[in-house]
Structures are given as structure tokens and as C-alpha cells.
Protein chains: 2
Amino acid sequence: VGSPSASRSIVVHPIGVVHTPFTDQAVKTTLTGVEGTIEVYQEFREGVKALEGFSHIIVVAFLNQVSPTQRHVLRVRYRRLLRFGLHLADLPEVGVFSSDSPHRPNPIAISIVTLVQRVNRVLHVTGLDLFNGTPVLDLKPYTPDRAVVDVRLPAWYQALERQVAENTGIERPRL
Amino acid sequence: VGSPSASRSIVVHPIGVVHTPFTDQAVKTTLTGVEGTIEVYQEFREGVKALEGFSHIIVVAFLNQVSPTQRHVLRVRYRRLLRFGLHLADLPEVGVFSSDSPHRPNPIAISIVTLVQRVNRVLHVTGLDLFNGTPVLDLKPYTPDRAVVDVRLPAWYQALERQVAENTGIERPRL
């Protein structure tokens, strides 16, 4: 008798891939994302028709560098913030679903990027926080209904925001 | 020699499931979403620690009612809008990645819902647009960096927005 979740596998296939000349380390440490392209595979090329009018797109990507062990992580700290001068003691331990950590049971990323230009099935983008070679599972237009205005955040999250803002000068930092 | 995409399968597993007393038809036709819960499976329960402070969460779900044939659709019309008094002739044919259609190569939904309460591993939510029984692949907090303010939209999308707004009285309709 397995767990209810482990008993079912869901299979998906990449519809494209991320290309960027930047190293993984550069992508990891960027504050605003890097430039790159999303190549949509030939067989899915019809799927990007009319995408060029949207200023932003949502990239659903599979973080294929996350190891099987890392997929078992359930409690995390916002360790990215160590590079902004925060200390480990400042970082509360929270559930992985309360974070944007790549180390999660299904390492699926939701990245919002700026669409600069579409050249056939190649999308030129900025604001990319995905590594070169990352498989792309889906693309969606970023539409106004995605922008929630009345967001409320936990006290611990607001405290982290304040500390990062002080240390980096960025008003509304991505944590 | 297969296509580059078809040659690789990516396997994911549900971490939870959507429960709602509303019928699929009610979920389909709601304008603002329905009430329900997201049950996180026992083995992932530690992952929701500290989630309760966020007002909104992002639900990454697998639309398991989408058929294999529907996963081959690449060109779509925004047919949902027919119920708001638009006519088929009003709806341009666009690529599936320029739409939020559930019929897409990897039927992965990104739903932003309001988190009302967390009771252990059960999340009480509103604004749900997922059917009862939908497998959940991932949960992320909705953080301010997800709200893009300077969004630009294609002329055809703006025209659809205007027509739906006129017919429904909803200022910024979800298309």
C-alpha cells in the first residue's frame, strides 16, 4: 500500500528549451534576470502564433538540475538571501511550498519574463532566471488578471523584504 | 530519429488534490471562482509550514480531464468567451501558447487562489477554477514580484477585453 500520490505518475514532455549565453552562476546571482531565448520545438511552432503582442510571458519550466535527493526537501530557508548580507539566523525555516526554492518535490518553475521579440519559433526574452538548457513545459501570456493587487504577506516575509531592501537598495526585492 | 521533445519524458507526482463541492460545469462557468480545499498529501505535510500568512497562493495543477487528442491542439480560439455573448467570428485563431486554454501539449494550470485558512495540511481557498479531483503538482506563495504592472497586450486581446467588459460589466475580465 503506497501513498496516494506515489501511486500515480504524470508524464509531460518539453515543448522547448531555454538558451542563454550566461553561466549558471551568473543566472543564480542576477537580481533582474538575464537575456536569452526560448526555442519552441519545430512540432509546436504553430503554438506561438500571436504571442508577440504580449509584453510578458509566463514560462513553465522543469528544473532538470535538481537532484532526486533535493526533490525530497520539505523544509527550507530562503538561503538565496545570504548573498544579500543576511545571516542564517535571520532566515526562518518554512515549508517548501511557502518558498520559491528550486529544491521541491516537483521542481517546476514559474518564471515571468519580458518578451522582446518573436522570430518564428524563437522568443527573445529578458528577465530570465533559468539556466541554459532548461526544458520548457508550457508558455502562457501574462495577462492583467495575474496581477493581484491586494496581496498580504506574513510578518516573517516582510521582515526579510525589509532587510534585503536595506542591503541592496531594491525597493521590492524578489526573495 | 524522433523529435527532440518527444525523446524525453519528464515524470512528476501529485503532492495533493483539489476538493470542491461544485460541479465541473459550475467551475467552468464561474466568473470569480469557487470555494474549495487543497488537500496536501500526508507525506508532504511539512511543506505547507508557514504558508498561512500569505493571502494568495499559486496552485500548479495537472488538468487530468484533458484527453490525449486535446493535448495535440496548437491553434485555439478563446471559446470561453462565447458564453459572454461574443460570437465565433469575434474570436481570432491564435497559438495555444497565446492562450490560457486547458487544451495544450502539457495541460498544466497556474491558478492564483485566495488562501482563507490552513488547517494542518488542508488549505481552504476561494477563487478556485479547478475541478474537483484535480491533481496538484506544486504550491508557491504569491509574492509581490509576481505582479507585473507595466503589462502591454495585443490589440486583438484588448478588443476581446472590451467586448467582455461591455457584456458582463466586469472591469478587468479574465479571458
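Two strands count as paired when DSSP finds at least two bridges between them. Keep that in mind as we walk through this predicted model, because the pairing rule is what puts β7 and β8 of chain B side by side.

Let's begin with that pair. Strand β7 of chain B covers residues 108-119 and runs antiparallel to β8(B), with 5 bridges between them.

If you want a spot to look at, find V34(B), which stands opposite L128(B).

Now hop over to chain A and pick out V122(A), which is found in strand β8, residues 122-128. Setting aside neighbours within four places in sequence, V122(A) touches T37(A), I38(A) and Q117(A). For a sense of distance, take H72(A): this residue is 50 places from V122(A) in sequence, and the two C-alpha atoms are 34 Å apart.

Time to zoom out to the whole of chain A. Its count is 2 helices and 9 strands, and from the N terminus the order goes β-β-α-β-β-β-β-β-β-β-α. Along the principal axes, the C-alpha atoms fill a box of roughly 50 × 50 × 35 Å. Of the chain's 175 residues, 48% count as buried. Take the contacts between residues at least 6 apart in sequence, and 71% of them join residues at least 24 apart.

On the charge side, chain A carries 19 positive and 16 negative side chains, with the centres of the two sets 5 Å apart.

Finally, how do the two chains relate? Turn chain A by 180°, with a shift of 0.0 Å along the axis, and it can be laid on chain B with an RMSD of 0.0 Å. The two copies are thus related as by a two-fold rotation axis. As for where they meet, 100% of the interface residues of chain A are also interface residues in chain B, so the copies use the same surface to meet.

Definitions and conventions:
Residues are numbered from 1 along each chain as its sequence is written. Chains are lettered from A and ligands numbered from 1 in the order in which they are written. This is a predicted model: local features need pLDDT of at least 70, side-chain atom pairs count only at pLDDT 80 or more; totals for chains, interfaces and linings use all residues. Side-chain values use heavy atoms; hydrogens and water are left out. Copies are superposed by least squares on the C-alpha atoms of residues with pLDDT of at least 70 in both. Contact means heavy atoms within 4.5 Å. Helices (H or I, at least four residues) and strands (E, at least two) are DSSP runs, numbered from the N terminus. Buried means under 20% relative accessible area, exposed over 50%, partly exposed in between (1.4 Å probe, protein chains only). Lys and Arg count as positive and Asp and Glu as negative; His and the chain ends are not counted. The place of a charge is taken as NZ of Lys, CZ of Arg, CG of Asp or CD of Glu.
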